[in-house]
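Please have a look at the structure first.

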Amino acid sequence: MQRRSFARFTLATAALVVAGAFAATPASARDTVKIAFIGPLTGGVSVNGIGGRNSTDLAVRLRNADPKSKYRYELVSLDDECKPNVGVQVATKAASDNSIIAGVTHYCSAVAMGTVDVYHKFGMPVIVWGAVLPEITYGNNHKEIHRVNGTMVNQNEVAAKFMTSQGYRKWAIIHDTTDYGKGHNKYFSEYLTKSGGQILGTFGVTADQQDFTSELTKIKELKPEVIFFGGLTPLGVRIRTQMDKLGVKAQFEGTSGIKSDAFAEGLGKDLAEGSLSFIEGAPWEKLPGGLVFTGKYAQQKYAEAPEAYGPFAFAAANMILDAIEKVGPNRKKVRDELNNAKNVDTIIGKVTFDDHRQNIVPLITKYVVQDGKWVVWEDSEYGKGKRKLMGR
Amino acid sequence: MDLGLLGQYLLNGLMLGMIYAMVAVGFTLFFGVLDVIKFSHGDVLMVGTFAGLATYLGLESVGIDSPWLQLLLVVLVSVSAMAVLGALIAKFLILPLKDAPPLNTLLATLMLGSVLRESVRLFYPNGSNPKPFPRLLPTDEWSLGTLTLRVDNLILLAAGVAAIVGVHLLITRTKLGLAIRAVAQDGETARIMGINFEWIVLLTFGLGSGLAALAGVMNGLYYNETNFGIGLLLGVIGFSAAILGGLGNVYGAILGGFIFAGLQTLGSVALPAVLPSVPSAYKDVFAFTAVIVIMAWKPTGLIAEKSSERV
Amino acid sequence: MSMQNSNSSAAPSWPLLTGVSVVGVYAHFLLHAESQIAVLGLAVGAILLLIAFSRFGWTARVATSAATYPKLLGAGAVAAVVLVAAVSYEMHFALLMLTTVLLYSTVCLGLNIQFGYSGVVNFAGAAFFGIGSYTAAVLASHSPLPHLLIVALAGLVAALLGSLLILPVLRTRGHYAALITIAFGILFKTFLEVNDALGGPQGLKIPGMEILGWKFNDNIAIGDHELSFYLNYLVLSLALCAVTFVLVRRLERSWMGLSMDVVRLDETAAATFGVDIARWKITAFTLGNGLAGMAGAIYGMMTGFVAPNNFTFGDSLILVSIVILGGIGNPWGILPAAAIVLILPEKLQFIQEYRFLLYALLVILILLFRPDGLLPRKIRNYFPGDAGR
């Protein structure tokens, strides 16, 4: 007995030594440079986080395959669970590790709000790829924080003006009570009132709510022409389905959060038809770079789709990689390089950072579901007048 | 508010209450036989929905497209699969923990819930996205003024009532039910009377989990949508409903389910009407505050356990 | 009993010291393990080490020695933490994790008084932790109060808000009481989300701590070396945790702890012997919530940000699982359990989206194979210094 357990003990020690040896494997010929990706990889919104992770991973792989690149890049991807405390933890992990030069960070706004100070403190340049709260860039003056996606302000201004120009006047608003939904509610209401729309009722719902029948029954009584929904795909699918169930006949208008294939698939062709969404940036599906992106993405056989914000993560990662190629793996230089980005060509259109390092997005793209697919408004049969939105 | 809308609210509330009640009955059955809380119950329901969905997709791919046959098979597969899963959970997780502190079972089953949830998210094809659940029931509707009555909703309500009545009859009128009640009252004595304790426990867990699967399929048919996250909240609410009614009592669980649904509907309808400054998002705050107040008033649930005090 | 006593008081102290050193060295490696293989190697190593320890009977020897020299054990634990911290003085992330472990341990020590001693269940630990963070956020931004006072006030506010629940908690038992705290936890988070006065879902920023002009958020420069600013928080948290630990141990061994044990084990018997059940339950509940509030305040100031999403039902469960995994009622189990529960998921980052699945499976396995936790509570020892069980 004694001898056997001693043998096991030796084995354990040996395993530890081997493990240690492996941990110190030397790098390959080109110098290795690390960049980080941070987003929600587990939990309710993980589908977006994983889409962003894959897109960033794609950017890194393509760059490594490029013989002209000076460095070999390594992606460190971390899970923030969409929780600010975990976000601060992983942000500290990435930012305090000096071998990580820059980061593509955060889908959830509350997490991004919590971590901006961490990046500033440690001087790690990051580009936000999905969080839309304006204060992330405008609430501070940290030179490290950049953002490629637009804020919800731009999105809602266009959304409100567009819808009123279509002749709609009466709205009911449903929003989730996260920062995302509440923010959308705030800005959309503001611009809608300015453009002459009328809000009959506003309903805040929790992000994990299943049943909306009582809210929708109330809405049915109010008889709005449009139901504006500020929130993400899972809730959007539920609300749209239950509208049908209760016989609520109104146009369904969403935000960037529902512009995903999952929305159309989750509803099926008939129910999804005619739903609207607004997203900042040029319609990447139509740009040449966008087609390359979708092609390469398909080649890598990721199990999950890039989702709406994948292209933003891809663009952010490429900007960082370009900067490193140009000025070398030095945080301060990369930061300054990114700060000065003007008219940089990316798959989401030209990127220019303003004095708060926010990408000035000149363009908001309007999407409508046509035959189970999101189609750019101008190209759709709706835009061309062949099909009509509800009530028009 | 006109009568039609009132009817609509009532119908919504009834349907919601029915699903809550079916989940709560499971909690109360498990508590009855083993004095444990199986917190993974809501997630078993979710897995049941996905099992039903997978069955449907399988049937579609082999070309069986009669909705009634599909429905029958979906329900059968889902219910039997979850009954087996429930029994397995009891056998390998809950019975081994029988002598450990009750908190351990609670934590272990909570973790099992996470395992089920994460497994569906990761291993069901594209499982992290919401899935459309097929409309297998006729969707004819009658509009009575502002009230929309749909055949599928009525069928679901009837099915729910039938399921609950069925479980009730099973427990009160059959030999198996007698055995379950005997084990619930006193496991040791039941064993002495020649009842196979372990079998009864496994059967009860199978029964409760099958009921959850049925509730899951009904939930899918009602909302025509499902996702990997539905179990967590339904689990918490089912647990609340079971406790509210009084653990170990089937009537209590049903009552609790309907009360909880009533509180939520009331919270979202009456709250903004009475206090216009309070947004409807406060409805969960309202429902859970009410739960705390009710518990302070009736500490062992509305229908109290008969043998809760051993003096 | 006395025979055993005289025998074991001669037990040597070296097994204890070895045990503490092994745990300390292990913790150090775990904190710094980065590659997948290193983490896996450490996990396998831990299992083999545990098997080896129990096979050779070392576990028992360490336990005997620890029971003989309780003060040495405490000093050893503090020394181990200080040493691990000192070695990683520049490693911000390691220090952040270590401080988090200490703060969560403090909360769990409070929960231990509730669950372990007086038998009051509390599934809203994260809510009280959150109340502490929010109190710190409001007071530190809008009042000139000294920050240490704010930490104390945060504890007070958490205890006060907790007292809203005293009536229902006193009237209910077991699973019924569990529901009350679960309901409170969910209610708390939803309330913060829908209520804009406290920042709503976006949360609030919290200024860093400052005591007598010493800014906690600045790195400490000593000569050419720069020490991580997290060391500040680490020292404060270690102090809070150590004081709490001593308090809890004293409480456990006093007549108060004895009364609480009776209340937990048999309320009827307790009432018969004239023990005031309500009094001890209220004491335990309030004390535990207050500790959670204080730890929450420091945690909030350290991370600089607070939002409702930090305090979900899931976070309360993390706290409860620390208490259970450590061994309900045994404060010694909490520190290692907190380290496992908090650091392990972090170290599993490399398996990305699969890490929660694996983590949940691991917890289930631990519960199945060590149902009483890592370090089960010993039967009450009526003769201080007695080494026997």
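Contact here means heavy atoms within 4.5 Å. Keep in mind that this is a predicted model.

## Where chain A meets chain B

By that rule, 37 residues of chain A are in contact with 36 residues of chain B. Together the two chains bury about 3000 Å², with carbon and sulfur atoms giving 50% of this area. The interface holds 3 salt bridges; one of them joins the side chains of Lys245(A) and Asp152(B), at 3.5 Å from N to O. There are also 11 residue pairs in polar contact between chain A and chain B.

On the chain A side, at least two residues each come from α2 (46–65), β7 (198–205), α8 (213–222), α9 (233–245) and α10 (261–267). The largest share belongs to α9(A), with 8 residues. Sorted by class, this side of chain A has 16 polar, 11 charged and 10 nonpolar residues.

## Inside chain C

Now for the domains: chain C splits into domain 1 (12–88) and domain 2 (92–338 + 354–369). Their C-alpha centres lie 25 Å apart, and the contact takes 11 residues from domain 1 and 9 residues from domain 2.

These two domains of chain C bury about 900 Å² between them, 86% of it on carbon and sulfur atoms. On the domain 1 side, Leu31(C), Val81(C) and Ala85(C) lose the most area, together 48% of what that side buries.

## Polar features between the domains

Terms used. Residues numbered from 1 in each chain as written. Chains lettered and ligands numbered in written order. Predicted model: local features only at pLDDT ≥ 70, side-chain atom pairs only at ≥ 80, totals over all residues. Heavy atoms only, no water. Buried area = accessible area lost by both parts, 1.4 Å probe. Salt bridge = Lys/Arg side-chain N within 4 Å of Asp/Glu carboxyl O. Polar contact = N/O pair within 3.5 Å; in protein donor to acceptor, adjacent residues only side chain to side chain. Helix = DSSP H or I, 4+ residues; strand = E, 2+ residues; numbered from the N terminus. Nonpolar A, V, L, I, M, F, W, Y, C, P; charged D, E, K, R; others polar. Domains from an automatic or database assignment.
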